[in-house]
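Dear colleague,

Please find the structure below for your records. My notes on what was found in it follow.

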Amino acid sequence: MGVDTENLIKKIKSGKYNPADNQVDFTDFTLADYLNKILDEKNLSRKEVIKKSLLKQVPTSHIFEGVTKEPARERILALALAMNLDIEETDKLLVYANKSQLYARRSNWEAIIFSGIVHHWGIDKTNSVLFDAGEEPLLGDIS
């Protein structure tokens, strides 16, 4: 059985964590599990989130159902904006999707996406800022 982050930190701080024990399982959730957990916690509907994300219904539903295991990073970021996630939630979502976390210093595009998440701009405003900066927008049917 896995150890959640809070308990893992407690074990480490108390000196009771032994890496040789192999007791820590970092795969307690699948991407679909985590997405659906967020929907429940934030009282969001899948349909509403998909509509806000500007992604196509069927391929995006496959992410929520666990059919698509590793969707494009851009899809995950669009979902994060559509669900109004904060940076920590977005980074967790990216980890479950097996994608790199956001790093504002990586590129101007990344800094704008980071800003969109921090300031809860949503897809439309984030795309507008990306467009104004001469960057590729984050919208529509992303492969």
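Of the 143 residues of the protein chain, what percentage count as buried? The share is 38%, where buried means under 20% relative accessible area, exposed over 50%, and partly exposed in between (1.4 Å probe, protein chains only).

Please note that this is a predicted model, in which local features need pLDDT of at least 70 and side-chain atom pairs count only at pLDDT 80 or more, while totals for chains, interfaces and linings use all residues. Residues are numbered from 1 along each chain as its sequence is written, and side-chain values use heavy atoms, with hydrogens and water left out.

The protein chain holds 8 helices and 0 strands (DSSP runs numbered from the N terminus: helices are H or I, at least four residues; strands are E, at least two).

The search of the whole structure finds 1 aromatic pair. The ring centres of Tyr34 and Tyr96 are 5.0 Å apart with planes at 40°, so the pair is tilted (rings of Phe, Tyr and Trp, the last by its six-membered ring, pair if their centres lie within 6.5 Å; planes under 30 degrees apart count as stacked, over 60 as edge-to-face and the rest as tilted). Tyr34 lies in helix α2 (residues 31-41) and Tyr96 in helix α6 (residues 87-96), 62 residues apart. Tyr34 is buried at 5% relative accessibility, whereas Tyr96 is partly exposed at 24%.

Glu136 belongs to the segment after α8 (122-132) and is exposed, with a relative accessible area of 61%. Beyond its neighbours within four places in sequence, Glu136 is in contact (heavy atoms within 4.5 Å) with Trp109 and Leu130.

Kind regards
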